[in-house]
2 protein chains.
Amino acid sequence: MGTILERIDGPEDVKCLDREELEGLAAEIRAVLIEYCGAHGGHVGSNLATVEPIIALHRVFNPPHHDHIVFDVSHQAYTHKILTGRRRAFTDPSLYGTVSGFTCPEESPYDDFMLGHTGTSISLACGLARMRDLTGDDGNVVAFIGDGSLSSGPAFEGLDWAAEQGGNLIVILNDNEMSIAENHGGLYRSLAALRRSGGRSAMNPFRDLGLDYRYVEEGNDLGSLIDAFEAAKDIDHPILIHIHTRKGLGLGHGRRSGSGLLEGTPAEGRVEGNHWEDARSSVGNLPNSRKTYGRLAMQALQRRFADEPGLVVISPATALSNGIDPEFRRQAGSHFMDVGITESNAVALAAGMARAGGHPVVATSSTFFQRAYDQIEQEMALNGSAVTLLNFSTGISGTDVTHSGVSDIAMMTSIPGLTCLAPTGAADFLSMLAWATGPAHRPVVIRVPGELTLAYERRQGTLTGEYPKAPVADGTFDGGHWEHYRTLQSGQGVALLALGDTLPLARATAAILTERTGRAPTLVDPGQYSLMDDDTLEGLGKDHRLVATLEDGQVEGGWGQRIASYFGSSPLHVINFGPAREFNDRVPVGQLRERYGMTPVFMASRLEEAMKGMEQGD
Amino acid sequence: MGTILERIDGPEDVKCLDREELEGLAAEIRAVLIEYCGAHGGHVGSNLATVEPIIALHRVFNPPHHDHIVFDVSHQAYTHKILTGRRRAFTDPSLYGTVSGFTCPEESPYDDFMLGHTGTSISLACGLARMRDLTGDDGNVVAFIGDGSLSSGPAFEGLDWAAEQGGNLIVILNDNEMSIAENHGGLYRSLAALRRSGGRSAMNPFRDLGLDYRYVEEGNDLGSLIDAFEAAKDIDHPILIHIHTRKGLGLGHGRRSGSGLLEGTPAEGRVEGNHWEDARSSVGNLPNSRKTYGRLAMQALQRRFADEPGLVVISPATALSNGIDPEFRRQAGSHFMDVGITESNAVALAAGMARAGGHPVVATSSTFFQRAYDQIEQEMALNGSAVTLLNFSTGISGTDVTHSGVSDIAMMTSIPGLTCLAPTGAADFLSMLAWATGPAHRPVVIRVPGELTLAYERRQGTLTGEYPKAPVADGTFDGGHWEHYRTLQSGQGVALLALGDTLPLARATAAILTERTGRAPTLVDPGQYSLMDDDTLEGLGKDHRLVATLEDGQVEGGWGQRIASYFGSSPLHVINFGPAREFNDRVPVGQLRERYGMTPVFMASRLEEAMKGMEQGD
């Protein structure tokens, strides 16, 4: 830790520094961030861009009680955390990971909200400001939002509302000329014109929405920033201060040669690879499930591009983390569209293409599909649009709570007309993808396999190599009878119905049960979770007394409860295994599986006990 | 039917008319619309504003194969329907209601999409245009969108994307200076400046997004419109044509004196009452459940405004239909905010206010809360924001499919941390509202009672008068123990658990069962659907063999299936009653209840049979 930073225990300490010390503080924080992100992993580029702006904010404003600062998405707030009493979590390797990568009210009164999705900071800030005005308080409310977030509908709704609401509101537009990847949308032409003209361009979308406006070209210059913020402080109407920052400032041309997996390791400027840096310890690891299965999917689709002009992959800004790498994008040409952070637009656009005979594929994380719920229900499902959603990052994980992947089953399977598929391996996944983007002619969501399946496939040797070549679709998925469950093993007494990624857990559970009881249970891979397969389910009634469902998504409102309802008035007993209806912030997967009773040993014991209980009751 | 209109069987017939005949056609259609909306009910104001623009579109463009027209929300498309072979549905009273009030591909190849939610037309049009370009086709794609829709995030995302996509795209901005009520948001200042300047204002949000722009002041003048559309036809880049129209044109000062219930019956110009006109036959009817319970809620809240500056009602443009009438709004002052059609903003804004100690109430239809799913999950539930959602228009109804109210239970109850309440009467509702906006300090959604409850209360005499005064909260809802189910009647054998609006059905079912079997079933009003009440449920296990759940929302993913799962490994049988996972377009309620087996007679028989089956099995 540097000599200035070690004296900073709160924003009041920033206010005591002279200009030269402030510069020194920025340099020290920058060095801390580069080391922290390299060692621990993190949003390196955006945080390096916001060192000076955040120091300037804490120099000028007085949170948490008099003023408020709301960080959009909040992954750029590391400096804010460092300045508000949490510096050791970034400077002491033994404390890395003890704070969230996002703002978090449980950590600090300086954090008003727990945020990880794009575009809501302005509305939230308007809410704080409105209450201030209704109660006759004073103080400044600041929303800090990146240019990438501006493409999102919620951000626009907030900006549009701000001017009407009136009163003090300071929107800092942190323009580093990048979204997660490059920016997309007509708005960015106006931003570029504003930058080129030093803020004087007549094309000013913010003034058009009724906001006052100021431009700061040197968005990483403390003096310029402090002056601009001082001038806006205690303003009586909404103003947007457009600051031009440099993503990854301090990384230079990059400080490692790269693993060869990604184009563009972290480096200064407009580099996609500096959105997120993996922890140093993970460099050289095999790629994760998102990248592996995402890349397999892209390989499989790419082979068809020449013959199918309407086969198009649409990514709402999240391409790279889902295996949609720059090489694919270059080769895909018009078959790939990065639409920026516009999930609603992505799904409606896809529905439009489907109506005209196309086969669009929309790929993003399950947590972000929440942002297009209405378009999935209306434009896609109700209209019967032949859109395929590739739903990444599902299931129990140790991720930040804002990026949880356990709610998608409940969300998607409740939507009428949506065919929900859960592949249990790469070949199965590709068979489903081929069906969904071809003969299915219907709205389909595919739950992309996760870590459990990937680990199982690697153990089995069905996926070899760092980035295996796409296996040929293996026919285990029968598109003509997609609604049929796949019975992998026929047994008696107990039947395990394991959806998608839980199949490896069910296999292990079955092995334990077989060893303990001498009787092999039935093992069913449903393959889909939108329809009940009457044939299979009625068949189970004959030789079984107990059905266990496993799903890697919230039990409440999920798939297993449909099975419980199906057998509600039959003598068959049903036990639903799956995560509970609760939020979890960075809880290790193993711990969650223990908590939810989803370890093979526990499940086997519970099923064995349930069977014994039933036999005693006879 | 007029003499020109009777010759119009398709758009080709419009193209044969001379200018004078076109004017005559417009006059005839206007007369038809006034008569139709008055007799049958409909979106009178917006349709009267779009007579000439739609005639001009069909004069100039060549749908359905060469060109495409996508109507945003599509409630303004009656003239389009009249011109595309469906005129008799508007001119022949015996055929009224045979076509949807929205575009509908099942009705006509001229309708590309079934739409009823705001803001997606531009993205959908972009999708059609993109496929045209990918396949090397030609033709024009037109998106027709109202000024009220422009405040919505999806519309912005589409506009922003359009310029980047490039190619032919014609956005018609139908600016009648009104949303459902008046417009809200800073954007509308720019629209006003454009109107005042004849389109020459430098503050042009559309040019700022990279779109070409043209203004037509006389948006109800056929000549001006045809000229503008001809000029834009076959354009090679996106253009927005801003046409200034007059809502309700032809109604004059209104043609009936009004029922006294609404301020502003349909009349020409900026009149809230011309958004929707009730059928003549319904005039004088008692107000429906939305208006009745909405008004009761507003009365109850209003009494507290003087003492609680942070008690605020937020409406995303849908105030009047939910009983939030102009008189309330005037008296509420700063305690009421119409935020325009911005559901994402409404919920995030409320979360911001809650964080600052306020008690915001967001009121809209359940189908529109879908548009804020992500904000309900992230900003509201995850952040534990003390926001109350008043969820109107839930349950089975004969409504247009785009406005269905059966998906909210599955959607809301899957969200962790969200307390979901289902009152079963006015006093209960107001008790819950008082708790949610006061001591609860948590995110709450209240399912506003519907027609079944209203009819029951009127029969019981607990609600008297056209608009009854708010009864005092009756204490049937115990906020301190909100998670406890309310057991209304203790019986044996069968237990009926009836959520919210289904309680009157359960009462009737219980009466039939009692009469037939001589044994009264247990009757439980859970009051909430977010938590299992272990005490009550375990208690049922003792004296009962069969539990029936009733809910007025989709069974799959809903509340009853949670009960089925709860009893999955107990000897208790469970039957879940509720609507199926399917879309329904204007199917009468009675027919749906028959289909879902939700009539008291059917339910009683099914339960009786199930009990007999179990007794025989003993």
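Helix α14(A) and helix α7(B) pass one another in a right-handed crossing; a crossing is right-handed if the near helix is turned clockwise from the far one by less than a right angle, and left-handed if anticlockwise. The model is predicted: local features need pLDDT of at least 70, side-chain atom pairs count only at pLDDT 80 or more, and totals for chains, interfaces and linings use all residues. Residues are numbered from 1 along each chain as its sequence is written, chains are lettered from A and ligands numbered from 1 in the order in which they are written, and side-chain values use heavy atoms, without hydrogens and water.

The axes of α14 (residues 343-355) of chain A and α7 (residues 121-134) of chain B come within 6 Å and cross at roughly 50°. Axes are lines fitted to C-alpha atoms over the stretch in contact, and angles run from 0 to 180 degrees between N-to-C directions. Contact (heavy atoms within 4.5 Å) involves, among others, Ala348(A), Gly352(A) and Met353(A) of α14(A) and Cys126(B), Gly127(B) and Met131(B) of α7(B). Helices are DSSP runs (H or I, at least four residues), as are strands (E, at least two), numbered from the N terminus.

**Salt bridges**

A salt bridge is a side-chain nitrogen of Lys or Arg within 4 Å of a carboxyl oxygen of Asp or Glu. The count over all chains is 51. Three of these pairs are tabulated here.

| Pair | N to O distance |
|---|---|
| Arg304(A) and Glu308(A) | 2.8 Å |
| Arg304(B) and Glu308(B) | 2.8 Å |
| Arg7(B) and Glu21(B) | 3.2 Å |

Glu21(B) belongs to helix α2 (residues 19-40) of chain B and Arg7(B) to the segment before α1 (11-15), so this pair ties together parts 14 residues apart in sequence. Arg7(B) is partly exposed at 43% relative accessible area; the term covers values between buried (under 20%) and exposed (over 50%), with a 1.4 Å probe and protein chains only. Shared partners also join Lys81(A), Arg86(A), Glu107(A) and Asp111(A) into one network of salt bridges.

Arg447(A) lies in strand β11 (residues 444-447) of chain A. Its relative accessibility is 6%, which means that Arg447(A) counts as buried. A polar atom of the Arg447(A) side chain lies 2.8 Å from the backbone oxygen of Asp552(A). Leaving aside residues up to four places away in sequence, Arg447(A) touches residues including Asp408(A), Tyr529(A) and Asp552(A).

Key
A polar contact is a pair of N or O atoms within 3.5 Å; within protein, one must be able to donate a hydrogen and the other to accept it, and residues adjacent in sequence count only if both atoms are side-chain atoms.
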